[in-house]
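Hi,

Here is the structure I promised to pass on. Have a look at it first, and then read my notes below.

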Amino acid sequence: MSLDIEKLKADVSMDVAQAATLEVLEAMRLKYLGKKGLLQELYAGLASASPEEKKLIGKGANELKVLAENLIEERKKTLSTSKKRGAAIDVTIPGVANDAGTKHLINQTLEEICDVFERMGFVIQRGPEIESEFNNFTALNIPLDHPSRDSFDTFYLDQEDPTAKGRYLLLRSHTSPGQMRVMQKHKPPMAVIIPGKVYRPDAVDASHSFMFHQIEGLLVDKNVTFADLKGLLTAFCKKFFGDDVKMRFRPHYFPFTEPSAEVDIQSNIFKGRAGKWLEILGCGMVHPKVFEHAGYPPGEYTGLAFGLGVERIAMLKHGIGDIRTFAENDMRFLKQF
Ligand code: PHE
């Protein structure tokens with residue numbers, strides 16, 4: 001009987017060492033320690049043994065039990081950790097590509113433009129997309145029923161303006177109402193940029209969308225001149241489009257600036273559009289009526305203002321021919337930027 005036990009100890013060591021998986025190891029545990037296992041058989045034999053033998057078998061069976069339990073426990077640890085470690089260092093398994101997203105090109109462009117102005121000392125402000133008729137029009141010297149409102153076609157909401165300064169609330173058709181919000185809250189000197197979404201009920205085509213992004217700029221102080229406006233926008237265009245950019249200020253009309261201009265540029269970076277003058281922004285000197293609506297004392301301040309179209313600039317810079325691609329969420333387009 002004692003011989004058998006020595007053999008069983010050798011067997012269990014061998015069996016456990018050779019168990020290559022946790023499943024095989026479990027089968028070995030059942031073989032030795034299970035309810036119908038070899039150890040139970042040994043205990044069953046005790047009944048018919050002499051007192052002398054009982055002592056030996058009991059001692060041997062206990063030793064076998066402890067040995068089997070320890071070996072199995074240890075082997076279990078080795079198998080489960082080596083399984084993990086093995087997977088981590090198997091260099092032949094193809095990697096799982098980390099499918100990282102990128103910022104949308106419109107946001108990238110918007111941030112790049114804001115960066116240039118922030119480095120010049122401008123501060124970012126934001127206004128709401130739902131505006132009052134007063135801020136979007138009246139305060140900007142576009143009176144109710146004035147035909148110049150037609151050039152800023154507008155989505156009106158089915159909700160009256162609670163301030164009663166205009167009839168209805170609306171989706172802002174440009175970022176210029178942000179000028180009024182800033183001026184009503186702060187006294188000059190000030191230099192702010194106001195980026196955001198604007199809405200116009202345009203029929204959608206390659207160059208029109210009912211929603212697009214603008215960045216408004218406003219600088220107010222004493223003795224600000226048109227030369228400051230030219231200098232500022234020239235510095236911006238050189239930073240953003242490169243030193244070789246050509247610019248022209250073309251006289252224009254906006255009710256809220258006087259004089260007003262549109263800026264066209266020519267740049268070699270515009271793929272396929274080299275040599276063409278392309279309009280990128282509207283600008284001018286803040287109209288005295290606007291200061292009046294802001295509550296500033298007449299004649300005390302002068303200011304410059306400008307409004308840039310972000311989609312247009314992104315399209316020119318990256319040679320994109322259709323504004324609709326920005327909103328189509330086609331990964332083949334989005335992943336290029
Ligand atoms: N708000 C004008 C537009 O949407 C742009 C502009 C802003 C012009 C500020 C002059 C000054 O076309």
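**What I found**

Three elements, α5 (105-119), β5 (190-199) and β6, each supply at least two residues to the lining of the second largest pocket. Before you go further, keep in mind that this is a predicted model.

Let's stay with that pocket for a moment. The second largest pocket holds about 380 Å³ of space. It is lined by 21 residues, and the ones closest to its centre are I106, K197, M211, H213 and E311. Sorted by class, the lining of this second largest pocket has nine nonpolar, six polar and six charged residues.

Now for the largest pocket. How much space lies in it? The answer is about 1000 Å³. A total of 43 residues line the largest pocket, and R200, F212, Q214, E279 and R312 are the closest to its centre. Which of them gives the most? That is β9, with six residues. By class, the lining of the largest pocket splits into 17 nonpolar, 17 polar and nine charged residues.

The next thing to look at is the ligand, which sits in the largest pocket. The elements that give two or more residues to the shell around the ligand are β6 (211-221), β9 (278-286) and β10 (302-309). Here β10 gives the most, with three residues, whereas for the lining of the largest pocket the top contributor is β9.

In total, 15 residues surround the ligand, and the closest are H174, S176, R200, Q214 and E216. What kinds of residues make up this shell? Six are nonpolar, seven are polar and two are charged.

- S176: an N or O atom in the side chain of S176 is 2.9 Å from a nitrogen atom of the ligand.
- R200: a polar atom of the R200 side chain lies 3.0 Å from an oxygen atom of the ligand.
- Q214: a polar atom of the Q214 side chain lies 3.0 Å from an oxygen atom of the ligand.

How much of the ligand does the protein bury? Taken alone, the ligand exposes 330 Å², and the protein buries 92% of that.

Last, a few spots in the backbone to click on. The peptide bond from P188 to P189 is cis, with omega near 5°, and P189 lies in the loop between α7 (177-185) and β5. Another cis peptide bond runs from E258 to P259, with omega near -5°. Where is P259 found? It is in strand β8. Then there is N223, which has a positive phi, near 60°, although N223 is a residue other than glycine. You'll find N223 in the loop between β6 and α8 (226-241).

Cheers

Methods: Residues numbered from 1 in each chain as written. Predicted model: local features only at pLDDT ≥ 70, side-chain atom pairs only at ≥ 80, totals over all residues. Heavy atoms only, no water. Near = heavy atom within 4 Å. Polar contact = N/O pair within 3.5 Å; in protein donor to acceptor, adjacent residues only side chain to side chain. Areas by Shrake-Rupley, 256 points an atom, 1.4 Å probe, with all protein chains shown as cover. 1 Å grid on protein atoms, 1.4 Å probe; cavity = no way out; pocket = protein on both sides within 12 Å on 5 of 7 lines; lining within 4 Å. Sits in = over half its atoms within 2 Å of the grid points. Helix = DSSP H or I, 4+ residues; strand = E, 2+ residues; numbered from the N terminus. Nonpolar A, V, L, I, M, F, W, Y, C, P; charged D, E, K, R; others polar. Points joined across faces, edges and corners; volume = space filled by probe spheres on them.
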